[in-house]
Amino acid sequence: MTSTTALNETPGSVKGEGARTAEQIELTERHAAHNYHPLPVVLTHGKGAWVTDVEGNRYLDCLAGYSALNFGHGLPRLVARATDQLRQLTLTSRAFFNDQLGPFAEALCELTGKEAVLPMNSGAEAVETAIKVSRKWGYQVKGVTPGTANIITMHGNFHGRTTTIVSFSDDDVATADFGPFTPGFVGVPYGDIDAVAAAINDSTVAVLFEPIQGEGGVVLPPEGFLRQLRQLCTERNVLMVADEIQSGLARTGRTFACDHEDVVPDIYILGKALGGGLYPVSAIAADRVVMDVVRPGTHGSTFGGNPLAAAIGHEVVQILKTGEFQERARVLGDRLEAGLQQLIGQGLLAVRVRGLWAGVDVDPALMTGREVCEGLMRHGVLAKDTHGSTVRFAPPLVATEADIELLVATLRTVLEEARR
Ligand SMILES: *Cc1c(COP(=O)(O)O)cnc(C)c1O
């Protein structure tokens, strides 16, 4: 592992804003849409778990591109594979075969235990793909009355930003003034197996869920929920569709978050870390009885399954096969959890950890999640708030134990400063 901790990253060394930072922020805000509210830091370089801003300040990256960077910035074997393929062949379109997609698909089938994969680019596209495949399976295999299919979704979900996907979001900011919305979705409380059972009817084709709600604030379902859901879906002939875009690919200490309950969904939805943080690569994986409802012309993407994406995705799968990163997530996660637990009552109200992935609820009487993140940034740690008073920590899995200690110590400092 390449990540190092230099002396100037000790808590208390306050980062300042400079002219280069101000110039880049002004330029971006003037010419780009304001669909994000970034922290005022302008990054220019990344290596392992660390990034450097245009002023030369270094930061521990505790967001890791929302877990797209599970393997860190610039992992040499990923960069090498991508560079080789970049020189060789980048795009064929699916009008022709290429020599990278087959090996990638074979490897991803082996990793997921599924018979087929369908490659796309962004996570939202993979979710859309799962929705389309589930509906077609409902009509063609299950025998649902044409035009009536419904999919059960969870309150507090995040599955992406397309018109159909925001149709079943209950986040007002994500949905306001984007209607009319796509019908055919029924929301139930997250982790409530009785509510799922009650919502299923003859036209239900799938239950779409996150095994852990990442954007929701690293929210874990009740113990046993995934197993109960698996059983329910089997009994009622409904597809169990797991959005593992953020929870999957080693983040939680297992390859998939569903592995924690030894559960295999009917469809895996993958993205983010599947592209190693250097290219958008997403996919769904399912058995033939589901996937074969897709016929030529029914679905596709110009870039989906392109040779560059496939080469990178294949390398990611090979990295995951060693189990090394799953193990790191477990060991580092235990360390993170122990450290964060000690801050409960010191400014934190609750801590939720699974692998190297934590959501902490900050006492709103003390400070907002945004203020915590601004404080962390000034002390050299980058993280992102969600839903007002929650801060999420998901450092790259190449982080060292010293990095994790630094993260906890810096959070302690920020909370102490606020309590003073
Ligand atoms: C990020 C994310 C998505 C959307 O992925 P994009 O690549 O941003 O479209 C969907 N589902 C979950 C659980 C995510 O975390």
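Start by selecting helix H4 (residues 101–112) together with helix H11 (residues 307–321). H4 and H11 pack at an angle of about 30 degrees, and their axes are 9 Å apart. Angles under 35 degrees count as roughly parallel, so H4 is roughly parallel to H11. Viewed as a crossing, H4 passes H11 in a left-handed way. This is a predicted model, which applies to every stop below.

Over 145 degrees counts as roughly antiparallel, so H3 is roughly antiparallel to H11. The crossing of H3 and H11 is right-handed.

Next, clear the selection and pick helix H12 (residues 324–341) and helix H14 (residues 401–419). What is the angle between H12 and H14 where they pack? The angle is about 20 degrees, and the axes lie 10 Å apart. H12 and H14 are therefore roughly parallel to each other. H12 passes H14 in a right-handed crossing.

Now move to the ligand. Select Ser-122, Gly-123, Ala-124, Phe-158, His-159, Gly-160, Glu-210, Asp-243, Ile-245, Gln-246 and Lys-272, the residues around the ligand. By class, this shell has three nonpolar, five polar and three charged residues.

- Gln-246: a polar atom of its side chain lies 2.7 Å from an oxygen atom of the ligand.
- Gly-123: here a backbone N or O atom is 2.8 Å from an oxygen atom of the ligand.
- Phe-158: a polar backbone atom lies 3.4 Å from a nitrogen atom of the ligand.

How much of the ligand's exposed area does the protein bury? Taken alone, the ligand exposes 380 Å², and the protein buries 81% of that.

Two backbone details remain. For the first, select Gly-179 and Pro-180 and show the backbone atoms. The peptide bond from Gly-179 to Pro-180 is cis, with omega near 0 degrees. To place Pro-180, show helix H7 (172–175) and strand S6 (185–188) as well: Pro-180 lies in the loop between H7 and S6.

For the second, select Ala-64. Where is Ala-64 placed? Ala-64 is in helix H2, which covers residues 64–67. Check the phi angle of Ala-64, which is near 55 degrees. That is a positive value in a residue other than glycine.

How values were computed:
Residues are numbered from 1 along each chain as its sequence is written. This is a predicted model: local features need pLDDT of at least 70, side-chain atom pairs count only at pLDDT 80 or more; totals for chains, interfaces and linings use all residues. Side-chain values use heavy atoms; hydrogens and water are left out. A residue is near a molecule or strand if one of its heavy atoms lies within 4 Å of it. A polar contact is a pair of N or O atoms within 3.5 Å; within protein, one must be able to donate a hydrogen and the other to accept it, and residues adjacent in sequence count only if both atoms are side-chain atoms. Accessible areas come from the Shrake-Rupley method with a 1.4 Å probe; for residues, only the protein chains shown count as cover. Ala, Val, Leu, Ile, Met, Phe, Trp, Tyr, Cys and Pro count as nonpolar, Asp, Glu, Lys and Arg as charged, and the others, Gly among them, as polar. Axes are lines fitted to C-alpha atoms, for helices over the stretch in contact, and angles run from 0 to 180 degrees between N-to-C directions. Helices (H or I, at least four residues) and strands (E, at least two) are DSSP runs, numbered from the N terminus. Angles under 35 degrees count as roughly parallel, over 145 as roughly antiparallel, 65 to 115 as roughly perpendicular and the rest as oblique. A crossing is left-handed if the near helix is turned anticlockwise from the far one by less than a right angle, and right-handed if clockwise.
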